[in-house]
Amino acid sequence: MADIVQLEGDIFQVDLRECGYEGRTAGYFVRGSGGWALVETGPASSAGVVREAAAQLGIEPEQLKYIAVTHIHIDHAGGLGVLARHFPGAGLVVHPKGARHMIDPSRLIAGALQVWGEEKMRQYGDIVPVEEGRVLHAVEGAVLDLGDRKIEVWETPGHSKNHVCYYDAATGGLFSGDAAGVYSPGLSQRLRRPVLRPATPAPDFNGEQMFSSLLRIAASEIKQIYFTHFGAGRPPRLLVENIIGQLTVFMHMGRQCLQQGGGAREAADALAAVMRRYARFGLLEEEDVPAGMDGRMAQEWDFMVGMTKLSAQGIVQYLAKTSG
Ligand SMILES: [Zn+2]
């Protein structure tokens, strides 16, 4: 059985069980009078979970009108080609800068292999090409038309060049992909404060663009955020302001780490340590899983601190590229 949570307004959150982890990556089925949309596919290895969830929800393959991805990183879009075959009527919604790498994924695969290595890529599953004729371009102002429900595309670069968010006017919710960071619902509840971190991975991160995208989201009237990692969060302004604050600190600290000399690698290591300290909020003394957190909570903790190295590299590389 797929793990499905019904959110308000006919939105169904599916735990895509990315590489076997619970609570890490979510896809969302959205129902309108004119059919269904899926936002985010997860990696190719999650395609079985998506198909199972669709069956549980009673969605016939031809009732899925759109499969939309926020960007082409493989934990978000790796399953697009496989799922396109299973849902033959679905338009495949992806930003034009990402579309060509889904049609011919050779560069996407080569790049991902460099970042993740062979073992992780095996776990993500095989990326298969999508048919060019089925691609719909996710550009600013484009609309996914589900009859009584319209979902708008917002271009939100920064995490990557081809990143978009999807705004659902029916609920005031924003499917944020990685633009508003990575959110831990379990830890937020447990620590009684929002626990989230910006997602700034090398080699794609662009600081100025991410700030612009975040300020746009902060100034909007959205009522909640549907994070891909993971689940629904609110109030959105508090969460986005938290991310803007963290990003400001990390960019500043990244600059200082670079100025200390020693090169980009050393600077990234130093910044990663700062980011891990920040994730601990000073409440928790060790980088190990805090006492009393096991199972699902421990996995969320791991995900919050486990990616700091790649995020620190992203910030340092961006600063090195743009300074002087
Ligand atoms: Zn990403």
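Let's start with accessibility: a residue is buried under 20% relative accessible area, exposed over 50%, and partly exposed in between, using a 1.4 Å probe and protein chains only. What you have here is a predicted model, where local features need pLDDT of at least 70 and side-chain atom pairs count only at pLDDT 80 or more, while totals for chains, interfaces and linings use all residues. Residues are numbered from 1 along each chain as its sequence is written, and side-chain values use heavy atoms, leaving out hydrogens and water.

On to the charged pairs. Side chains of opposite charge can pair when their charged atoms come close. Taking a salt bridge as a side-chain nitrogen of Lys or Arg within 4 Å of a carboxyl oxygen of Asp or Glu, the structure has seven of them. Helices (H or I, at least four residues) and strands (E, at least two) are DSSP runs counted from the N terminus.

One of the bridges joins R296 to E300, with the closest N and O atoms 3.2 Å apart. Both residues sit in helix α10, four residues apart, or about one turn of the helix. R296 has 32% relative accessibility, so it counts as partly exposed, whereas E300 is buried at 6%.

R31 and D10 make another bridge, 3.0 Å from N to O. Because R31 is in strand β3 (residues 26-32) and D10 is in the loop between β1 (4-7) and β2 (11-15), this pair ties together parts 21 residues apart in sequence. R31 is partly exposed at 33%, and D10 is partly exposed too, at 28%.

Then there's R149 with D168, at 2.9 Å from N to O. R149 belongs to the loop between β8 (143-145) and β9 (150-155) and D168 to strand β10 (residues 164-168), so the pair links parts 19 residues apart in sequence. Both R149 and D168 are buried.

On a 1 Å grid over the protein atoms alone, a cavity is a set of points where a 1.4 Å probe fits but cannot get out, and lining residues have an atom within 4 Å of a point. The model has three cavities of 30 Å³ or more. Of its 14 lining residues, R197, Q246, M275, A279 and M304 are the closest to the centre. Helix α9 gives the largest share of this lining, three residues.

Definitions and conventions:
On a 1 Å grid over the protein atoms alone, a cavity is a set of points where a 1.4 Å probe fits but cannot get out, and a pocket is an open set with protein on both sides within 12 Å along at least five of seven lines; lining residues have an atom within 4 Å of a point. Grid points are joined across faces, edges and corners, and a volume is the space filled by probe spheres set on the points.
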